[in-house]
Amino acid sequence: MTKHVNEWISEEAVEMEHELIELRKQISAQGILVQDLMTGVCRELEEWKQSNGDNYEAQQDPDISELQEPLPSETDDKKMIFLDNIDILLAEHKIEEALEALDAEERNSSELNGLGDTSVGEVSEYKSAFLERKAILEDQLVQIIEQPSVGVLEMKKALSGLIKLGKGTLAHQLLITSYGLRLQKSIEVLLPSCYVCPRTFSATLSKLVFSAISLTTKESASVFGDNPIYTNRVVQWAEWEIEYFVRLVKENAASSEEVSALRAASICIQSSLNYCSMLESQGLKLSKLLLVLLRPYIEEVLELNFRWARRLLFDLVELDKSLLFSEFVDSLSAFATSPESVILVDSGKRFVCIVMGILKQLTPLAVVHFGGNVLSRISQLYDKYMDALIKALPSPSDDDGLMDLKEAIPFRAETDSEQLAILGIAFTILDELLPNAVINWKQQNESNEPKSGPIENTVPSASTTIDLKDWRRHLQPSFDKLKDHFCRQYVLNFIYAREGKTRLDAQIYLNGRGEDLYWDSDPLPSLPFQALFSKLQQLATVAGDVLLEKEKLQKILLARLTETVVMWLSDEQEFWGVLEHDSAPLQPLGLQQLILDMHFTVEIARFAGYPSRHVHQIASAINARAIRTFSARGIDPQSALPEDEWFVETAKSAINKLLLGASGSDTSDVDEDHIILHDEIVTDSDDTASSLSMVESFESFASASMGELDGPMFTDPES
């Protein structure tokens with residue numbers, strides 16, 4: 001119905017316009033006839049006056065005197081005819097002819113261009129009429145430009161006409177307004193599709209916006225040239241349109257928590273920056289503004305997506321098929337040491353799949369400008385995952401608040417193999433799966449990146465660039481937190497295994513004797529340190545099975561365990577309080593035993609082939625403190641202690657004896673739960689620890705070269 005009414009109104013308007021044109025023609029024709037008649041009458045009166053003489057002047061009628069005023073000259077007749085012709089051209093909408101006529105008249109008429117010497121009043125009258133016609137022509141040109149259906153060529157002709165009329169600023173504003181209105185209509189048609197195709201909406205919208213900017217820039221240059229005033233106005237208008245574009249993207253984007261929102265945001269960055277790159281050839285540099293406007297939106301999408309990833313990681317709901325990368329995470333299946341630990345393995349697979357699912361959504365230019373942000377958030381997610389794995393490990397009673405974490409995995413590691421499996425999963429994700437995922441992702445994006453040169457003014461800042469080595473270093477403390485927790489609880493469980501009483505009781509170093517001391521012609525470390533050696537052997541055997549082909553991790557763990565023991569002893573105030581008390585019955589034999597135990601601990605590290613420098617430093621500090629304590633009570637260390645070489649060789653010999661399982665009173669009282677005796681025959685040697693490392697029981701974690709521990713991923717404090 002509305003369509004028919006509009007058509008009827010349009011037809012009526014056309015008919016009225018034709019009638020108006022005809023009426024104007026008739027009026028113009030009648031005006032010419034009246035003018036001719038007046039000219040003829042005036043001539044006849046002039047002739048009659050001359051024939052009757054001067055007597056008539058006194059008798060003439062006042063009305064007749066008016067006719068005797070100076071008659072229009074031939075020039076005035078031409079002006080009137082010109083104005084009448086212009087009226088006809090305007091009435092017939094012959095715009096180009098009217099424009100040419102007005103332009104020619106203005107150039108040739110001294111009265112119009114201000115070069116004549118006619119009176120002001122006469123000039124003003126004709127010039128006023130002339131300017132009125134120019135204003136009418138200007139209105140007609142504006143109407144043409146403002147028509148929604150006007151063609152490009154017709155618009156350019158109308159714009160050129162306004163420029164000839166001296167209305168260049170108006171013409172340029174009309175050009176920008178026209179293309180802005182066309183863009184607005186296209187956007188209104190597109191908006192409903194944002195709910196149907198949320199991922200591609202931003203790309204389609206960016207195509208509309210940047211195409212309009214490009215076309216407007218070209219037409220402006222075509223009509224107005226390189227005038228900087230008009231160029232700056234185009235740039236200003238383009239910036240307004242980009243601001244509007246970003247606002248539309250935010251208002252019509254999918255829910256920011258969904259993976260599709262991240263994909264849509266990435267596509268938005270990719271498409272819009274590509275268009276910005278194309279516009280640079282036209283002198284428009286809009287990339288920097290676009291990134292400034294888009295950054296808050298992209299960061300909000302990333303923040304909400306990683307919140308969603310945390311919930312997905314710990315809620316253990318079924319993953320979407322798009323997030324499954326089973327062939328990529330199958331290596332974690334080897335850590336399923338028990339039916340219960342399948343939950344633990346699944347959590348590791350889930351973590352990697354979620355991360356890969358997020359990486360998959362990013363386009364090449366999104367990686368360039370927001371890749372650093374993404375990797376930083378992956379690091380934070382990994383840290384949260386490490387906290388959850390820590391909760392799955394046994395915890396000392398004085399642990400630091402991790403039990404209050406809401407995010408956890410429904411699994412509790414009880415056995416050594418289950419605890420080592422946790423470390424193996426965390427290490428494999430850190431050392432293999434995450435780096436491989438990021439490298440593959442980076443390579444794919446680089447291969448898909450456009451061949452064109454870099455976009456000016458969009459060089460990524462230091463906070464957004466991707467430095468994989470630096471990123472791996474940022475991940476390391478999260479794994480170290482898990483590793484240190486395991487070592488701490490493992491060592492404390494060992495030290496306090498005797499019904500809550502410490503194994504490393506300072507009483508064993510008092511009076512030079514005790515049930516834990518073995519000091520005769522063939523001295524041995526005290527029982528707690530013999531048990532430590534046995535405990536580490538047991539763990540090495542389990543680690544060889546659980547952490548298969550993870551020799552680097554095995555060395556790291558066993559080195560850290562040894563280091564944790566001496567660190568505990570160095571900081572244990574109760575231990576030193578007993579020795580340093582004035583009433584403590586200190587004897588030289590106690591000092592000898594303590595120093596032998598420290599040398600024995602250092603040799604354990606050397607024997608296994610893992611870093612011992614830090615262990616040696618702590619052990620040396622303990623020895624120095626012990627010597628000061630005993631010296632303060634009158635015991636001369638020079639006479640009480642053998643040479644350092646004696647302690648080293650005695651410690652090495654003790655390791656061999658414990659491995660041989662020699663019979664006799666030296667080891668008959670050692671707790672069988674903690675000492676494993678081996679049947680292999682190992683000859684005593686005066687060589688360095690490298691000769692001892694051939695013992696088969698330590699092959700599983702002594703076979704890796706020491707150089708492996710000096711890599712960028714796992715640099716222990718002492719190395």
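Visitor: Why are α8 and α9 called roughly antiparallel?

Guide: The axes of helix α8 (residues 152-164) and helix α9 (residues 168-190) cross at roughly 155°. Angles over 145 degrees count as roughly antiparallel. The two helices are therefore roughly antiparallel to each other. Their axes come within 7 Å, and the crossing is right-handed.

Visitor: Which residues make the contact of α8 and α9?

Guide: From α8, they are V152, M155, L159, L162 and I163. From α9, they are G168, A171, L174, L175, S178, Y179 and R182. By class, nine are nonpolar, two polar and one charged.

Visitor: Why is K134 called buried?

Guide: K134 has a relative accessible area of 13%. Buried means under 20%, so K134 is buried. This residue lies in helix α7 (residues 120-146).

Visitor: What is K134 in contact with, leaving aside its neighbours within four places in sequence?

Guide: The partners are L102, E106 and L165. For each, heavy atoms come within 4.5 Å.

Visitor: Where is confidence lowest and highest in the protein chain?

Guide: Helix α26 (residues 689-692) is lowest, at a mean pLDDT of 30. Helix α11 (residues 228-252) is highest, at 93. The chain averages 77, and 72% of the residues score at least 70.

Visitor: How many contacts does the stretch 662-719 have in the model, beyond near neighbours in sequence?

Guide: It has 120, with pLDDT below 50 over those residues. Residues 452-457 are also below 50, with ten such contacts. Where pLDDT is low, predicted coordinates should not be read in detail.

Definitions and conventions
Residues numbered from 1 in each chain as written. Predicted model: local features only at pLDDT ≥ 70, side-chain atom pairs only at ≥ 80, totals over all residues. Heavy atoms only, no water. Axes fitted to C-alpha atoms, helices over the stretch in contact; angles between N-to-C directions. Helix = DSSP H or I, 4+ residues; strand = E, 2+ residues; numbered from the N terminus. Parallel < 35°, antiparallel > 145°, perpendicular 65-115°, else oblique. Left-handed = near helix turned anticlockwise from the far one by under 90°. Nonpolar A, V, L, I, M, F, W, Y, C, P; charged D, E, K, R; others polar. Buried < 20%, exposed > 50% of the residue type's maximum accessible area, 1.4 Å probe, protein only. pLDDT = per-residue confidence, 0-100.
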